[in-house]
Structure formats: C-alpha cells, structure tokens
Amino acid sequence: MKVGVLIFPTDKGIQPVELGREAETRGFDSLWLPEHSHIPVSRRTPWGGRVGAPPLPDEYSRSHDQFIALAAIAATTTSLKLGTGITLVAQRDVLWLAKEVASLDVISAGRVLLGVGYGWNHEEMEHHGVDIAHRRKVVREKVLALKELWTKDEAEFHGDYVNFDASWSWPKPVQQPHPPIVIGASPTDLHFRHIIEYGDVWMPIEGRFEVDGKWAELQQAATAAGRDPATLRLGVFGAKPDAAHLAHLRDIGASFVALSLPPMDRDAALATMDRYAPLVAEFNG
C-alpha cells in the first residue's frame, strides 16, 4: 500500500508547483486535487449533501482549476502520481474532458489517476445545466464515452445524455487501456453496480462511510456480477494518519491512501507533510 496526500489547492495556500515538488521530494506516492467550478452563494445544499453538516469551508470556493494545477505539477515532477480527487464528471463536457485527461497523461508520462464523483452541490450542478435526478446516469454515460474516445481511433457514442458520431480524438493516454477510473462514492448498491461496470478503484472518504465490511461486500457483488474481484482496487481518501490504522487498511486490501493537508496555509501544509514522514518511510520505503 502506498501513501499519498490530498489538498484543495487554493489561492491562499501552498501553490501547485511548490506543492508537487515538496510532495515528491518527501516521497509521497500520489497527490490528489479536488474541484468545484464555483460555489453558489445561496448555499441551499448542505456541505456534502449531509443534513446538519457544518458550514462549508472557504477552500471550496477558492480552489484552482484542477487540470491546470495538475499540468503545472506534471511539468515540474517526475514520479508523483497525479490524482483528481474527484472530477465532477457530470459538470464537464465529455469531449473536452477526454482530451484534458489524455493530454495530462501524455505530459506526465502516464501518471494520471482519474477520480470520478457524482456531485453533491445541487446549485452548482444546476448552473451547469445538469439534471440532478439523473446525474449518476450522466456520469455513467460520460465515463463509457471517455473509454471509447481513449481506446478507439474512430470513436462514437449514442446514449440518452451523451451523443456524438464517429470522431477522431488525440492524443491517446499513455496508460493502457486508459488511466485508472477511481470512483469516490458512498457504499450503496447502486454505486457498487457503477463501480463494477466501469470502475477500477473504489475510494471512499474515511470517517463518512464504513470501509472494511463494505469493501468485502463490493468484492462479493463483483463476483456475483461476473467480474473478477481481483480487478478492483481499494483506495481511501482522508485516511487517519496513524501507522497502526494504515497497516489495517493495507491488510484488508487497500492499494493506496491519501492523507489530508491544510488548504489555506502554506507553512501548515509543509509542516503537515513533515509530520507524515514516518508514515511515508514505513509504507512507501
């Protein structure tokens, strides 16, 4: 199991190029950046869609563009894996997204991990013209369309939400058949069906959802659906930075974890990475 870090890259915190260099120098395996295009002021939807959640932290409205930040990091690092944690696929044009991910994979020499999420901020999605009730179906079609664009010289897709005729789209990703599809989602039967159909990794947020038993359930569901559970991996967002706990996650089958960094204070982010050094030495050494 490998240890990485995740952070909202904001205009007030450590900047992406320095962040990437410092993470790679310290031996972290991966760096994960989330995204929000904007945060509507209405704040009708509670944080994470959870009733009674605390006020939304400022970093949600201050984050850099995910792919621009990762491209800058790719150009100034050599081995650090570059994760989107997560990309709001429903809100993105699939043809542009296919090119952005493939371009980043080429520029980084095959270091992209595409984290996929369904979205929780209803107002944000509405501003993008997304039908909230159908967003999971939209994400499914867009991911399936991405795979067509990445793996075929002439790709086409005809669905309920994505529709394009035979088209050329280069570059193709370096990773074959494509960058890993990492699905950040709660452990529901519906989400497990999505993961089994088109995902490579399940990556839940620790503390919000049970991991141990649900990972076993996902593997059982994969077997029942005719998919080899060995083709699925487990990752954990926001894992507790404790050696014994990380060893437990490794023992139940986690392939990688991402530890959280402070998003609004450069010095605090660097100090936190330094505090994680013993974990990096133990698990990434």
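Start by selecting Ser 169, which sits in the loop between β6 (163-167) and β7 (181-183); strands here are DSSP E runs of at least two residues and helices are H or I runs of at least four, numbered from the N terminus. You are looking at a predicted model, where local features need pLDDT of at least 70, side-chain atom pairs count only at pLDDT 80 or more, and totals for chains, interfaces and linings use all residues. Residues are numbered from 1 along each chain as its sequence is written, and side-chain values use heavy atoms, with hydrogens and water left out.

Is Ser 169 buried or exposed? Ser 169 is buried, at 11% relative accessible area (buried is under 20%, exposed over 50%, partly exposed in between, with a 1.4 Å probe and protein chains only). Now show Lys 99 and Leu 149: leaving aside neighbours within four places in sequence, these are the contacts of Ser 169 (heavy atoms within 4.5 Å).

Next, go to the largest pocket, which holds about 1000 Å³ of space. Select Gly 48, Tyr 60, Trp 120, Ile 205 and Arg 208, the closest to its centre among 38 lining residues. (On a 1 Å grid over the protein atoms alone, a pocket is an open set of points with protein on both sides within 12 Å along at least five of seven lines, and lining residues have an atom within 4 Å of a point.) Colour β3 (81-88) and α5 (135-151) too, as each supplies at least two lining residues; β3 gives the most, with 3.

Finally, the second largest pocket has a volume of about 150 Å³ (the space filled by probe spheres set on grid points joined across faces, edges and corners). Its lining includes His 36, His 64 and His 128.

How values were computed:
On a 1 Å grid over the protein atoms alone, a cavity is a set of points where a 1.4 Å probe fits but cannot get out, and a pocket is an open set with protein on both sides within 12 Å along at least five of seven lines; lining residues have an atom within 4 Å of a point.
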